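Here is a short briefing on helix packing, aromatic rings and backbone angles. Please look at the structure first, then read on.

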Amino acid sequence: MAKQRQEMLFGIRATMEAIKSEKEIEKILIKTGLAGPLFQELFDLIREKGVEYQFVPVEKLNSLDQHNNQGVVALIVPIPYQEIEEIVPELFAQGKTPLLLLLDEITDVRNFGAIARSAECAGVHAIVIPFKNSAKITPDSIKTSAGALYNIPVCRVQNLKTLARYLKKEGIRIIAATEKAEKVYTEGDFTLATAIVMGSEDVGIEDALLRLADEQVKIPIVGSIQSLNVSVAASLMVYEAVRQRS
């Protein structure tokens with residue numbers, strides 16, 4: 001696969017306008033020691049909107065742009081996020097049975113990319129991630145996904161619990177993958193409209209989100225290592241849905 005070219009914006013005002021227009025920004029690189037009223041205005045906006053940023057040496061910025069970058073370079077998300085509230089009604093309108101994947105605080109971009117690859121192959125209609133504490137669409141995640149992130153919608157929401165309530169009202173069942181479950185995942189019912197929730201390997205799914213699930217299922221572990229890599233676990237879950245729907 002060809003290397004993903006990173007789109008960039010240079011300069012303080014251009015970056016401010018990008019933030020105000022809600023352009024998807026992966027990260028803002030700022031020259032170490034940068035100061036001044038205009039920069040302070042930008043920095044206040046960055047913190048207000050919760051945009052990720054990093055202070056870097058001037059050499060790093062100059063390697064990206066030799067011209068007038070004003071000490072600020074914004075790295076733009078290479079693939080735009082979509083709106084789940086637009087996708088769900090469209091799926092039903094097309095007569096499809098939605099299969100969604102909700103990722104709760106999965107922060108490793110390579111795991112995210114691997115999950116997206118399996119999800120796209122399995123025909124998952126959309127992946128949903130929270131704005132905070134989650135891996136994002138980056139060149140690394142695109143590379144790991146083998147380009148699948150170009151083909152599967154990824155949506156971001158403020159709160160997965162609010163989303164789960166919305167999906168349930170829309171007739172989509174929530175199935176949570178958790179070691180706390182009594183039922184094995186092959187006993188879950190994936191034939192109906194379904195949103196599968198996967199949690200991080202270290203803490204799993206948040207309890208409040210777990211309580212919203214219509215079903216809780218587990219992947220049996222018989223070895224001494226007590227958990228699967230989350231991308232492998234997600235693959236098992238989505239392909240169980242494929243098996244049942246076939």
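In this model, Ile84, Glu85, Val88 and Pro89 of helix α4 meet Leu163, Tyr166 and Leu167 of helix α7. Contact here means heavy atoms within 4.5 Å. The model is predicted: local features need pLDDT of at least 70, side-chain atom pairs count only at pLDDT 80 or more, and totals for chains, interfaces and linings use all residues. Residues are numbered from 1 along each chain as its sequence is written, and side-chain values use heavy atoms, with hydrogens and water left out.

**Helix α4 with helix α7**

- The contact of α4 with α7 divides into six nonpolar residues, no polar ones and one charged.
- Here Ala, Val, Leu, Ile, Met, Phe, Trp, Tyr, Cys and Pro count as nonpolar, Asp, Glu, Lys and Arg as charged, and the others, Gly among them, as polar.
- Helix α4 covers residues 84-93 and helix α7 covers residues 160-169; their axes are 12 Å apart and pack at an angle of about 20°.
- That angle makes α4 roughly parallel to α7.
- Angles under 35 degrees count as roughly parallel, over 145 as roughly antiparallel, 65 to 115 as roughly perpendicular and the rest as oblique.
- Axes are lines fitted to C-alpha atoms, for helices over the stretch in contact, and angles run from 0 to 180 degrees between N-to-C directions.
- Helices (H or I, at least four residues) and strands (E, at least two) are DSSP runs, numbered from the N terminus.
- The crossing of α4 and α7 is right-handed.
- A crossing is right-handed if the near helix is turned clockwise from the far one by less than a right angle, and left-handed if anticlockwise.

**Helix α5 with helix α9**

- The axes of α5 (residues 109-122) and α9 (residues 230-245) come within 9 Å and cross at roughly 10°.
- So α5 is roughly parallel to α9.
- This crossing of α5 and α9 is right-handed.
- On α5, the contact is made by Asn111, Ala114, Ile115, Ser118, Cys121 and Ala122.
- On α9, Val230, Ser231, Ala234, Ser235, Val238, Tyr239 and Val242 take part.
- The residues of the contact of α5 with α9 are nine nonpolar, four polar and no charged.

**Aromatic rings**

- The whole structure holds four aromatic pairs.
- Rings of Phe, Tyr and Trp (its six-membered ring) pair if their centres lie within 6.5 Å; planes under 30 degrees apart count as stacked, over 60 as edge-to-face and the rest as tilted.
- Phenylalanine 39 and phenylalanine 43 are stacked, because their ring centres are 5.6 Å apart and their planes are at 25°.
- These two, phenylalanine 39 and phenylalanine 43, sit four residues apart in helix α2 (residues 37-49), so about one helical turn separates them.
- Both phenylalanine 39 and phenylalanine 43 are buried.
- Buried means under 20% relative accessible area, exposed over 50%, partly exposed in between (1.4 Å probe, protein chains only).
- Phenylalanine 43 also pairs with phenylalanine 55: the pair is tilted, 6.0 Å centre to centre, with 50° between the planes.
- Phenylalanine 55 lies in strand β3 (residues 53-56) and phenylalanine 43 in α2, so the pair ties together parts twelve residues apart in sequence.
- Phenylalanine 55 is partly exposed, at 40% relative accessibility.
- Ring pairs link Phe39, Phe43, Tyr53 and Phe55 into a cluster.

**Positive phi angles**

- Asparagine 133 has phi near 55°, a positive value in a residue other than glycine.
- Asparagine 133 is in the loop between β6 (126-130) and α6 (139-144).
- Alanine 146 has a positive phi near 60°, and is found in the loop between α6 and β7 (154-157).
- Alanine 146 is partly exposed, with a relative accessible area of 44%.
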